[in-house]
Amino acid sequence: MSSEKAVGKIAIVGSGLVGSSWATIFASSGYKVQMYDISEKQLQTALTLVEKNLRKLDEHGLQRGNISADAALLNVSTTTSLEEVMKGAIYVQESALEDVNFRIEFYKKLDSITEPNTILASSTSTIPASKFTEGLVNRERCLIVHPVNPPLFLPLTEIVPAPWTSQETIDKAAKIMESIKQKPVKLKKEVLGFAVNRLQFALLAEAWRLVADDVIGVNDVDLVMSAGLGPRYAFNGPCETVHLNAFGVRDYFRRYGSGATTVLNDMGIVPDFTDESVIQKFETELEPKMSSSNIREYQAEREVKLVEMAKLKKAMNL
Ligand SMILES: NC(=O)c1ccc[n+]([C@@H]2O[C@H](COP(=O)([O-])OP(=O)(O)OC[C@H]3O[C@@H](n4cnc5c(N)ncnc54)[C@H](O)[C@@H]3O)[C@@H](O)[C@H]2O)c1
């Protein structure tokens, strides 16, 4: 458990799906939180969602700190003034539009009004910080702090520096994440896709190739994960897994390394994800069991399962 205390004001810039999740997690940890967005209407929607999220955490015993939903809610305020949200903030979590040109201009503005020690963290899933912070005066305080959806129940957070992000900023951001019971992973340098999407896309590419080549059906690809690799990975990642699947990692690679190389050499090229014939194969199997017209319902069902997993991990002190 972290010894970091939730002291200070957190600015949540952009209060959509991810921004309101961040607001919930910070408030549930005892921080003072202010949400900024471009309209009052959006902020009211976000506030309603934060309240619902806080009550959900309480209901499942998954609060991040020793504070009730009611008390946490009192610590959440909103504003449509960027200057106001930045005032006195120790940490800014920006979760606005996924558009590099928007961010280039927006970060110039944040840079011009930031206070001397504030950390400027972006939730962006795909845009490296070097693409929108290079010319800034305070660029050493900018970095990516990328959550995984839904952040309320999946604590992993990737911390990705730009080449000029200071070590102090990286370490402070990681400590703040620990203080809200997120699990930070520090990337040592910037890389496209960060770690989560590089691993996820590698898996997706092979799933696509197996389906495209008629080796296996879509539902069976998912079964390979949900009944086989997935539950194991929920507790031991791929590195620990191979360590445990032999007498240590050295033994594993001695026994199975050349076999793995042969299989990897047999894999095809990067798929063309616009290939209509393959997309249709995916749809034919997925739509009857999870119609995309009811996607919210299935997302809610997934959340119920993730809540149970989060409760189990909490009970196991993991
Ligand atoms: N959705 C995910 O699964 C997910 C996961 C991890 C990271 N992210 C990243 O989080 C960020 C936000 O994604 P989201 O899914 O919450 O999007 P969203 O569309 O739900 O929210 C975006 C919010 O930004 C606000 N906004 C628009 N213009 C703005 C401006 N000029 N200033 C401030 N706010 C403005 C919008 O009003 C909206 O509330 C993106 O960068 C995305 O890549 C998303």
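Helix α5 lies across β1 (9-13), β2, β4 (89-94) and β5 (119-122), and runs at about 160° to β5; contact here means heavy atoms within 4.5 Å. Axes are lines fitted to C-alpha atoms, for helices over the stretch in contact, with angles from 0 to 180 degrees between N-to-C directions. Helices (H or I, at least four residues) and strands (E, at least two) are DSSP runs, numbered from the N terminus.

This is a predicted model, in which local features need pLDDT of at least 70 and side-chain atom pairs count only at pLDDT 80 or more, while totals for chains, interfaces and linings use all residues. Residues are numbered from 1 along each chain as its sequence is written, and side-chain values use heavy atoms, with hydrogens and water left out.

The strands form an open sheet of eight, in the order β3-β2-β1-β4-β5-β6-β7-β8, with mixed pairing; two strands pair if DSSP finds at least two bridges between them. Because β3 (76-79) and β8 (183-186) stand at the edges with a single partner strand each, one side of each has no neighbour in the sheet. On average, neighbouring strands of this sheet are turned by 25° against each other, direction ignored. Strand β2 (residues 32-36) pairs with β3 in the parallel sense over four bridges, and V33 has V76 in β3 as its bridge partner.

The ligand is surrounded by 22 residues, of which L17, V18, D37, E98 and R103 are the closest; a residue is near a molecule if one of its heavy atoms lies within 4 Å of it. The polar contacts below are pairs of N or O atoms within 3.5 Å.

| Residue | Protein atom | Distance to a ligand oxygen atom |
|---|---|---|
| L17 | polar backbone atom | 3.0 Å |
| V18 | polar backbone atom | 2.8 Å |
| E98 | N or O atom in the side chain | 2.6 Å |

The protein covers 76% of the 830 Å² of accessible area that the ligand has on its own, as given by the Shrake-Rupley method with a 1.4 Å probe. Two or more residues of the shell come from each of α1 (17-28), α5 (100-113) and β6 (142-147), and α5 gives the most, with three residues. By class, the shell has nine nonpolar, 10 polar and three charged residues. Here Ala, Val, Leu, Ile, Met, Phe, Trp, Tyr, Cys and Pro count as nonpolar, Asp, Glu, Lys and Arg as charged, and the others, Gly among them, as polar.

Two loops hold backbone features. The peptide bond from N149 to P150 is cis, with omega near -5°, and P150 is in the loop between β6 and β7 (156-161). K181, in the loop between α7 (167-179) and β8, has a positive phi of about 65° although it is not a glycine.

Key. Polar contact = N/O pair within 3.5 Å; in protein donor to acceptor, adjacent residues only side chain to side chain.
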